[in-house]
Amino acid sequence: MNRDTGRRQSIARWINVNTIGLALLLATIGLSLGRVMQVQRELFEPGKTVLRIGHAALELGFREALDDVIAEYERLHPDVKVLQIGVPQKIYGEWLNTQLISDTAPDLVELYLASMVLDEHYLGSLFESLADHVDRPNPYNAGTLLEEWPWRTTFLGGMRSGFREGLQDYYGAPITLGTIRVYYNKQLLREATGSDAPLKTFDQFLNACEAIQQLSERTGGKVTPIAGNLYIVGTFLRRYRVAFTAGYESEIDLDLDGLISLRESYIGYLQGSVDMQAPNIRAYFECMKELSRHFGEGYLGLWRDQAAFLFVQGRAAMLAAGSWDATSLFAQSDFEIGVFDFPLPVEGERWGQYIAGRENEARHAGGTVIGLYKGSKNRLQALDFLQFLTSRKYNEILTRKAGWIPVIVGAQPSDRMKPFLPDPTGYPTGVDVRNSGYVYEVIHGEEWPFLHGEIDYEEFAGRVDRALRDPGYGGDRQWSQEYDQMWRWCRNQERVLAAQASGILMDSEAPGGQKRYNRLLLQQTLANNGESIRNQFEQVRGKPIPEM
Amino acid sequence: MRNISTLETHWTLRWVLPALFSFLPVVSVAADSTATEALLLAGTTKLSSRNFEAAHEIFDRVIKETATGTEPWAHAVFGAAVCAHHWSPTTEKRNREAERLYRLLLEKRTDSRYAPRSALSLGRLAELRDYYEDPVDLDGARHWYQRVIDDWPDLPISGEATLRLAATFVQTYDAEQVRHGAELLETWLETREHEPLAAGMWQYLGDTYFNPLEDHKTSLRCYRKAEAIGFLDSNNVGTLFWRMAILAERFLEDRDLAVEYYGKVIRSGAASGKGYQAQLALERLGAPVPELRLFQPVADVRPVE
């Protein structure tokens, strides 16, 4: 046995399952330690204030744009490091709830989807009120025309999406505006119709759908005219419902607030002015049946991502989607994209006589609302960063890079985003009788068989009518539920009022607390403990409101 | 080196130490008082953030550790009462505890700053339905609101009590009682120019005359009074201006007033979604039509107030 053989035998003795396993284990521990140390360095960088911002905006372009703006902020504040945490929309609600419960939420978070940010009572105790700051200028607007404007007035349409009615306070600041439009493949439309101009009327829209269908049949390309999907079909229905039924407002808006509420719709239904045989209602459903023929097979099984995929692959000619999807769609498509608003029937066209006008976007109040977590150890710094994001200059940089619509007065959108600017022209509401529970389920459930031609209109109308008039679960119960919710709301508001009043008495309330208290008090008093709802039921139905 | 006897006889020890010891009880009381203050502050902070359960525990401790009738005691009794009243879910037992504590405070410290709010809270306990099958006692509520008005007429809370008292009549939706409630408020407002809740009271009157009294002229008059003072809640003025415009046009046939309020919908309340329809109305009335400038991304637009 020579020396080489001896060495080989010695090495071979060490190469066995156990040593490999041990080596792998040590390597894994080493890698894990390295990763933990790296994360530690990122999260607790010594000598730096580390801010974290959590959001669900994973659309293409936004994270990169936010990184760029963060870099600008870090350049101005070398002692601050900002980390963004993008979480997929599907799990965002659960993720945020978990972070809030375990007191590990980021300093700034998008107030979205999680029950603990949607419920005002949790929100008020978990997030900082911005009341002390909204009436002071945003320091990052210095040197602009907004220099002396109170922060809240620098938002287009006000800072309303950050305002919580039930708390009468500001709890967040939006960083963009969002609208929904129809994107279309110019090349396909040109091939099918000979023109790629935006479609303006409903006849043009339907004719284009037919032409695309024929093109698809001719070429065997399997192109769907509109990429229907469950995420957007509700928007289609609402946009046309408002257009067809807003004209009933003068007849059924009993409280003269300019909006048609569910209760007013139901009263109108019972009195026959907006029942299923009303001409506009019938016309609306017929129109929707016609339109839904072009949504593609099995569209109710698709979600927004799959529909967008069909569109960018050229397998659907049109897609209704949000302004926030613009960058993703433009970047991933190898064809030219055009954008238009939902086309309505005009005079001289079928259904033209039933149209009041488009649903307006005046009540759009800004999206991606960012709140300041009360548990943040760097609240002032986090607020400073939020003001930075919503300053004229940096909101413009952020939204232009992300391909979004700016929310600050004077911040200019990119040319591509101009067709998405919210349009206040039109009507705010239409007739809608479905609230929740049984009536909602029946109407929602019967709508699809009708739209797909499985049942005719009379059958559909009969089922809706039976559901609404059901003595146990119909419209009366919806009404009773509304009454129940209102008196409970008044009771819950008493908690907010009591905490506020005690704070004022005990000198722990922030300045402005008395004004806020007075607004809350009025809001609650105007609701009359829900008794106006009960009284109206008794007037209209001639019997006591059912017990819940 | 000094020995122990030298130390014992040193003047500082002979005079200063006994003096220090004689202050010890005071120091101890001061420490107690600081601890009580710290507890009250902690309780108040918890209460302000509506953590009623935690706040209740703290106030309860202070009640046990402080002498009855003192200021910290009154603070703690009121705090504990509020917590018992609003701790969710509300139960009959906790409501009874809240009632007992509010009454205790009123009995022992009528002069306390917490007394008027305690009386008002007893009214709220009676008026609101707090849990399943909790009876609504409007008469009981009226008694307590009236007591606040009678016993503390010069405090701002008397205005709040008046609004609450009027609302107990309005919410019956019985025409006679509603009118009585409206009268109560109008009478109050006649003599109190600087009532902090005046704008809110006028708005509430505007609502009441609109529904259920259907007195559209008086309703509009009340809304205009509220507007003249300045609406308490400026966020929803668009909706109010729209209602005022419709009242003027449809029920009073007052074109000029309708034009005024449609114009206000466009200029100050377009976020209500009614701007476009206000433009149509002005066109119909043959009046100049202001531009709808909501969402215009140009720097010369003044912000929505």
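B:Pro212 lies in the loop of chain B between helix H10 (198-210) and helix H11 (216-229); helices (H or I, at least four residues) and strands (E, at least two) are DSSP runs, numbered from the N terminus. The peptide bond that joins B:Asn211 to B:Pro212 is cis, with omega at about 20 degrees. The model is predicted: local features need pLDDT of at least 70, side-chain atom pairs count only at pLDDT 80 or more, and totals for chains, interfaces and linings use all residues. Residues are numbered from 1 along each chain as its sequence is written, while chains are lettered from A and ligands numbered from 1 in the order in which they are written.

**Backbone features**

- Most residues other than glycine have a negative phi, and most peptide bonds are trans.
- A cis peptide bond also runs from B:Ser88 to B:Pro89, with omega near 0 degrees, and B:Pro89 sits in the loop between H4 and helix H5 (92-108) of chain B.
- A:Leu113, in the loop between strand S3 (108-110) and helix H5 (115-118) of chain A, has a positive phi near 65 degrees.
- B:Glu253 has a positive phi near 50 degrees and belongs to the loop between helix H12 (237-251) and helix H13 (255-268) of chain B.
- A residue is buried if 20 or more other C-beta atoms, placed from the backbone, lie within 10 Å of its own, exposed if 12 or fewer, and partly exposed in between.
- With 18 such atoms within 10 Å, A:Leu113 is partly exposed, whereas B:Glu253, with 9, is exposed.

- Beyond four places in sequence, the contacts of B:Ala245 (C-beta atoms, placed from the backbone, within 7 Å) include B:Tyr261, B:Tyr262 and B:Ala278.

**Contact between the chains**

- Chain B and chain A each bring 57 residues to their contact.
- On the side of chain B that touches chain A, H4(B) gives the largest share, five residues.
- That side of chain B comprises 27 nonpolar, 19 polar and eleven charged residues; Ala, Val, Leu, Ile, Met, Phe, Trp, Tyr, Cys and Pro count as nonpolar, Asp, Glu, Lys and Arg as charged, and the others, Gly among them, as polar.

Notes:
Two residues are in contact if their C-beta atoms, placed from the backbone, lie within 7 Å.
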